[in-house]
Amino acid sequence: MNRPIPSDLEFVADLGVQWLRRPVPTAPGLVALLAQDALNPEEQAAVVQAVGASVADACATHGYHSMDLVVLHPATPGLEAALQRFDQPHTHADDEVRYILEGEGIFGFLDAQGEERVVCVRAGDYLRVPAGVEHRFTLTAARRIKALRLFADTAGWAAHYTQRPVGPLAMKA
């Protein structure tokens, strides 16, 4: 008997990934900051402060104690090297939490048999990838993203590369 092929969302959910829609707050100052390509440290802190309250429930539920903002765009120093690291299949000892505030990216999720499903994340997507779930990430052709990251332990958040052979990470046509 043939097993039905789960949808990408079912596949990701079966791995334990929580994928929710959370509207991005629309305070005028926040909207103006998110529209900029680059943000200095003070502007990043302002975004974290403006958005932090909207994820307080997740912090309380999962024990996240800190957050920061990742800002990637074509002029980001070292962008290509960073994307090469993110694109290699890896796991983490801690949850990987991303709340996409602007832009878009591509996550690839792998199951124990090596099957991979690729999903695009955009503004308003909130993903909690549990510790130990094999995944990888890259940017879309737009080459920009701003994402709030939540941490239980920033010192323990490091990639553990699995060395699984994979092809280029891209959305199916």
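Biologist: In this predicted model, how many of the residues of β4 are buried?

Modeller: In this predicted model, strand β4 is mostly covered, since 13 of its 15 residues are buried.

Biologist: Which strands are joined to β4 by bridges, and in what sense do they run?

Modeller: Four bridges join β4 to β6, residues 125-129, and the two run antiparallel; six bridges join β4 to β8, again antiparallel. Strand β5, residues 116-122, is joined to β4 by seven bridges and runs antiparallel to β4, while β7, residues 135-139, pairs with β4 over five bridges, also in the antiparallel sense.

Biologist: Which residue pairs would let me find these pairings in the structure?

Modeller: For β6, take Arg 98, whose bridge partner there is Leu 127, and for β8 take Ile 100, which stands opposite Ala 147. Further along, Phe 107 has Phe 137 of β7 as its bridge partner, and Phe 109 stands opposite Arg 117 of β5. Between β4 and β5 the hairpin has five residues, and Gly 114 takes a positive phi near 90° there.

Biologist: How should I read a nonpolar core, and which residues have the most contacts inside the largest one?

Modeller: The general idea is that in soluble globular proteins nonpolar side chains tend to be buried together. Here the largest nonpolar core has 20 residues, and those with the most contacts inside it are Val 47, Tyr 99, Leu 101, Tyr 126, Leu 148 and Leu 150. The elements that contribute two or more residues to this core are the helices α2 (28-35), α3 (41-52) and α4 (56-62), together with the strands β2 (66-72), β4 (96-110) and β8 (145-151). Apart from this core lies another, of 19 residues, among them Val 70, Val 119, Ile 145 and Ala 147.

Biologist: What does Leu 150 touch, leaving out residues up to four places away in sequence?

Modeller: With those left out, Leu 150 touches Val 55, Ala 58, Cys 59, Tyr 64, Ser 66, Met 67, Val 97 and Tyr 126.

Biologist: Where do the buried residues of α3 fall when one looks down the axis of the helix?

Modeller: As a general point, an α-helix has 3.6 residues a turn, so residues three or four places apart point the same way. In α3 the buried residues are Val 47, Val 48, Val 51 and Gly 52; seen down the axis of α3, they fall within an arc of 120°, so they line one face of the helix. On the other side of α3, Glu 42 and Gln 49 are exposed, whereas the buried residues pack against α2, α4, β2, β4 and β8.

Biologist: How does the span of α3 agree with what its number of residues leads one to expect?

Modeller: At 1.5 Å a residue, the twelve residues of α3 should span 16 Å, and the end C-alpha atoms are 16 Å apart, which agrees. At the start of α3, a side-chain oxygen of Asn 40 reaches to within 2.9 Å of the backbone nitrogen of Glu 42.

Biologist: Which residues of α5 are buried, and what covers them?

Modeller: In α5, residues 79-86, Leu 79, Ala 82 and Leu 83 are buried. They cover an arc of only 100° around the axis, which puts them on the same side of α5, and what covers them includes β2 and β7.

Biologist: Why does Arg 149 count as buried, and with which side chain does its own side chain make a polar contact?

Modeller: Arg 149, in strand β8, counts as buried because its relative accessibility is 19%, and buried means under 20%. Its side chain makes a polar contact of 2.7 Å with the side chain of Asp 68. Residues up to four places away in sequence not counted, Arg 149 touches Ser 66, Met 67, Asp 68, Val 70, Val 97, Arg 98 and Trp 157.

Biologist: Is Asp 125 buried or exposed, and what does its side chain reach?

Modeller: Asp 125, in strand β6, counts as buried at 6% relative accessibility. A polar contact of 2.8 Å joins its side chain to that of Arg 21, and the side chain of Asp 125 also reaches the backbone nitrogen of Arg 122 at 2.8 Å. Leaving aside neighbours within four places in sequence, Asp 125 is in contact with residues including Trp 19, Leu 20, Tyr 99 and Cys 120.

Notes. Residues numbered from 1 in each chain as written. Predicted model: local features only at pLDDT ≥ 70, side-chain atom pairs only at ≥ 80, totals over all residues. Heavy atoms only, no water. Core = buried A, V, L, I, M, F, W, Y, C linked by side-chain atoms within 4.5 Å. Buried < 20%, exposed > 50% of the residue type's maximum accessible area, 1.4 Å probe, protein only. Contact = heavy atoms within 4.5 Å. Expected span 1.5 Å × (residues − 1). Arc of directions from axis to C-beta. Polar contact = N/O pair within 3.5 Å; in protein donor to acceptor, adjacent residues only side chain to side chain. Pairing = 2+ DSSP bridges.
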